[in-house]
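Please find below a short note on the model, arranged as numbered points.

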Amino acid sequence: MSGEFRVGLLGHGTVGAAFAGQLALQAERIERITGLRPELCGVLTRSQGSFEEILERANLIVELMGGIEPAREYVLRAIAAGCHVVTANKQLLSQHGEELWDAARDAGVQLRFEGAVAGVVPVIRVIQESLAGARIDRVHGIVNGTTNFILTEMARTGATFAEALADAQRLGYAEADPSEDVNGRDAAAKMAILARLAFDTPVHLDQVRYEGIEQIQPDDLEYARELGLGLKLIGTAERINGGLSVRVHPAFLYPGHPLASVNGPFNAVTVESEEITEITMSGPGAGGTQTASAVLGDVISAMIPPASVPPAGTVLEIVHDVISAFYLHLEVADEPGVLAQVAQVLAEKDVSVKSVVQKGLGAQARLVMVVHPVLESRFAAAMQAISELDVMRAPPRAIRVLEEQFG
Ligand SMILES: NC(=O)c1ccc[n+]([C@@H]2O[C@H](COP(=O)([O-])OP(=O)(O)OC[C@H]3O[C@@H](n4cnc5c(N)ncnc54)[C@H](OP(=O)(O)O)[C@@H]3O)[C@@H](O)[C@H]2O)c1
């Protein structure tokens, strides 16, 4: 199979422009995967393009304009014309989802929307496909990166809500008009969509109760810290007494909760069910590049015929020698100059020490150190050389240290 797959793009803003760039960059790879070469067949903004002309040419419409109208009208017209549609428009889906899904079902086309909830975190696909066999009891989510960034900053620095919001705007985590983020309505729209999918029941944005974070005071967070609690804006959708509750409000979390450690602009969604116990997915919740990547993933999925097998793409070399930091535990003789000998071996092998402590005396003497990230093969050579030193009372022990900082 080969040929073109024509993509009509409605909206060329933060996400739309990033999507157009990624589509062009990855067209060749996508052709290898799908057998079809994706090409933009038109772009619509307020000042350029004609929807009618784009629709005439397109196999698939990507809607990244936002808002209700004319996005709703264009999506319905695309579906009626037999085009697949990909959108990231949570407001549209949370208020007119039933109408759009019915239309897509009747027309036999796909309507995909991974980018509408939690950015590139693949919650829609996981709930719709991977967990289709599970009876979901509850979905908890941190689904708004702006508010999570603000609450993280307030807890970290003692800043007021207004100060943390100003920081979020300066760093590009909040829009010029952040009202739907901070009053909880954006998260409510996303929870309506998640609830719709998780519980197979229509859920309209108007049915979601929501509170925002504007009222949170710095001392709320101070007390929370003393109690070991973290404050998050949590969306919840759960079965209660045979019904369904969908809500968004600030909530304290104990440190062990899977969402407690989700900081900064990150999003996370936890799905609970008897069959699967609990699954948490997390990652960057928004941003043009990330959302565009989710949109492109949807486009590729729509291009692949159902039940296709994984394509044989480029053969990648398997890499075994990776870079890691290590914790190193050495049982050594209690005599002068031991540390110097070990340090010399490490220096010869180009392994640099981040921290070191000497512990115990006599038969209990130990050196415990953490070394900076290093190629594992080089570290293994250093370990071999250390094990051959006369001052070693036992073989050296090492454990990798994950140094990545998230959020
Ligand atoms: N930004 C994010 O991080 C993010 C994350 C997840 C989901 N989303 C969703 O993605 C969608 C796009 O967001 P965005 O941030 O990319 O928005 P944006 O930067 O405001 O861009 C919107 C684009 O749509 C065009 N547009 C708007 N109304 C139009 C109309 N009536 N006719 C023709 N063109 C119109 C605009 O045209 P002009 O250029 O002429 O103004 C602009 O090119 C929204 O549904 C949003 O909720 C965004």
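1. The model is a predicted one. Its open sheet consists of 5 strands in the order E2-E1-E3-E4-E5, and the pairing is parallel.

2. Val 85 has Leu 111 of E5 as its bridge partner.

3. Which residues are closest to the ligand? They are His 12, Thr 14, Val 15, Arg 46 and Gly 287, out of 20 residues that surround the ligand. By class, this shell comprises 6 nonpolar, 12 polar and 2 charged residues.

4. Backbone atoms of three of these residues deserve attention. A polar backbone atom of His 12 is 2.8 Å from an oxygen atom of the ligand. For Val 15, a backbone N or O atom likewise lies 2.8 Å from a ligand oxygen atom. For Gly 287, the distance from a backbone N or O atom to an oxygen atom of the ligand is 2.9 Å.

5. On its own, the ligand has 900 Å² of accessible area, of which the protein covers 74%. Helix H1 (14-34) and helix H11 (288-303) are the elements that give two or more residues to the shell around the ligand. As for its location, the ligand sits in the largest pocket.

Technical notes. Residues are numbered from 1 along each chain as its sequence is written. This is a predicted model: local features need pLDDT of at least 70, side-chain atom pairs count only at pLDDT 80 or more; totals for chains, interfaces and linings use all residues. Side-chain values use heavy atoms; hydrogens and water are left out. Two strands pair if DSSP finds at least two bridges between them. Helices (H or I, at least four residues) and strands (E, at least two) are DSSP runs, numbered from the N terminus. A residue is near a molecule or strand if one of its heavy atoms lies within 4 Å of it. A polar contact is a pair of N or O atoms within 3.5 Å; within protein, one must be able to donate a hydrogen and the other to accept it, and residues adjacent in sequence count only if both atoms are side-chain atoms. Accessible areas come from the Shrake-Rupley method with a 1.4 Å probe; for residues, only the protein chains shown count as cover. On a 1 Å grid over the protein atoms alone, a cavity is a set of points where a 1.4 Å probe fits but cannot get out, and a pocket is an open set with protein on both sides within 12 Å along at least five of seven lines; lining residues have an atom within 4 Å of a point. A molecule sits in a cavity or pocket if more than half of its atoms lie within 2 Å of its grid points. Ala, Val, Leu, Ile, Met, Phe, Trp, Tyr, Cys and Pro count as nonpolar, Asp, Glu, Lys and Arg as charged, and the others, Gly among them, as polar.
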